Amino acid sequence: MIDPKIVKDNPNLLQDMLRNRKVDFPFTELLDLDRKRRELIIETQNLRHQKNTLAQSIANKKKNQESVDRELDEMKKVGEQMVSLENNSDAVEKRYSDLIYSIPNLLQQSVPIGDSEKDNVVIRTYNDFIKSKVKSDHVDLANSLGLIDLERAAKISGARFYFLKNELVLMNQALTNYALDFLVENGYQLIQPPYMLKNDAIKGSIIMDDFEDVIYKIENEDLYMIGTSEHAMASMHMDEILDSKDLPFRYGCISPCFRKEAGAHGKDMKGIFRVHQFEKVEQFVVTDSPNSSAEHERMLSITERFYQNLEIPFRIVLLSSADTGKVSSKTYDIEAWMPGQDKYREIASCSNCIDFQARRLRIRHRGKVNEETQLVHTLNSTLVATERTMVAILENYQTTNQSVIVPTVLRKYMGGMKEIKVK
RNA sequence: GCGGGGGUCGCCUAGCCUGGUAGGGCGUGGGAUUGCUAAUCCCAUGUUCGCAAGAACUCGUGGGUUCGAAUCCCACUCCCCGCGCCA
């Protein structure tokens, strides 16, 4: 959620942001509601003031055993006015909060203005020279090596589910273990969060529209499956005032992720690239405003180093205004070269949400007890989403005789295995 | 799941039975006093609206009763203790 004061004080800032992001948003309605709401608040407070004053004078008069008939009479009138005002303000309040919560985050200056993902800016490219000459896609490779079963998964769970088998199960664990070790080396505190969250918590870290498109709800419970550990990590410190000197918190999180992918029908239907369930090791950082950009770059460089170590071709892309996610103020994507698709595809995403999540979750920090509190900044980055990364590994490490070489850094996590061969 | 106890301002705690609009302590900031430090005393110490004066809100959450609710009633929730069930 953005700072609601901006609506009143600097609406142009919002209008620019909305234009740059190319999103439809009932902006003038929000302006009207904001003004209306303010008026109603003042009116309501005036009535409450009358009520409080009357109640006080009733108390006083009763103490002196005077008659309170006149006050009771007036109180009745005030009560009636309050009821009719409430009916009015409930509707305004509801619509206002819907809008203020669904307006996207402000963008940072350095975000390139553009119309679509075509305007994303490639910043760095790595390992271009090792692009594979053989170009089978991961589904063919994994099938012929006996590493996945998509048909049976479809039978029992539907599209976008999978069985991992044999060496791919091991590789999945290997990637996870390597990622956790890597983060510990870099000073992260390891966390495994709850996989389900209450509405209050999860709505703090995502925007309303995403509820329907990405999040699974548990029937008859106030619980939602996390779409990423970011959702749990953002809300972990909900309603807390943190000690400034303890910041930053750098968490290395492991969790499965559950996504509806409702907005992506027909897209990436092959294999395990876009699925309803996958495992991810995630970086989540809580810091203060002055340090948030530096933390963002730091997180990106750690992620870069991870993929350099895995020795796959990839590039870093700064997302344009139109492609940047709604809760983020600036996002870098890591795109791996996928020989089977003959293009770069996103395998990790590194975002600075600044105070957008913290505001809604009321996560603040301060140096001393009666200093003014400041909202924290939250940042998140994939370290590794194992299924997508395995797509990249399978396709980039394939050989001319259908086998797949195991990346060097993963071998010690797979009992020294060097190659996955046709049986 | 059952029974009992509990959730009060950054932290601790009083108030709840007997309704009148949150008191104290700690910590922190400012001030006074004092050779210095310490101690002592005074003021301040949540959120929102408002240029301000001021006002409203805030006692786990949401309803209800009442002129008036931290206080009474109902539902929910979380924590602690005991019992049950259980990987």
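My entries below go from the whole chain to single residues.

**Ground rules.** I am working with a predicted model, where local features need pLDDT of at least 70, side-chain atom pairs count only at pLDDT 80 or more, and totals for chains, interfaces and linings use all residues. Residues are numbered from 1 along each chain as its sequence is written, chains are lettered from A and ligands numbered from 1 in the order in which they are written, and side-chain values use heavy atoms, with hydrogens and water left out.

**Whole chain.** I looked up the secondary structure and got 14 helices and 17 strands for chain A. Helices here are DSSP runs of H or I with at least four residues, strands are runs of E with at least two, and both are numbered from the N terminus. I boxed the C-alpha atoms along the principal axes and noted roughly 100 × 45 × 40 Å. How much of chain A is buried? I have 49% of its 423 residues in that class. Buried is under 20% relative accessible area, exposed is over 50%, and partly exposed is in between (1.4 Å probe, protein chains only).

**Strand β10.** Next I went to residues 314-318. Four of the five residues of β10 are buried, so the strand is largely enclosed by the rest of the structure. Which strands does β10 pair with? On one count I have β1 (residues 121-126), antiparallel, with five bridges; Y126 sits opposite F314 there. I also have β11 (residues 330-338), again antiparallel over five bridges, with V317 of β10 facing D333. Pairing here takes at least two DSSP bridges between the strands.

**S351.** I found this serine in strand β12 (residues 343-352). Buried or exposed? S351 is buried, at 9% relative accessible area. Its side chain makes a polar contact with the side chain of T331 at 2.8 Å. For that term I need N or O atoms within 3.5 Å; within protein, one must be able to donate a hydrogen and the other to accept it, and residues adjacent in sequence count only if both atoms are side-chain atoms. Leaving out residues up to four places away in sequence, S351 touches several others, including H296, M299 and L379.

**Helix α10.** Residues 229-236 are mostly covered, with seven of the eight buried. Among them are E230, H231 and M233. At the N-terminal end I noted T228 as the cap, with a side-chain oxygen 3.0 Å from the backbone nitrogen of E230.

Where is the cis peptide bond? I have it from L247 to P248, with omega near 0°, and P248 is in the loop between β7 (241-243) and β8 (249-258). R160 is not a glycine, yet its phi is positive, about 65°. I placed R160 in the loop between α6 (150-156) and β3 (163-164), and it is buried at 10% relative accessible area. Q402 also has a positive phi, near 75°. Q402 lies in the loop between α13 (386-396) and β16 (404-405) and is partly exposed, at 36%.

Definitions and conventions. Contact means heavy atoms within 4.5 Å.
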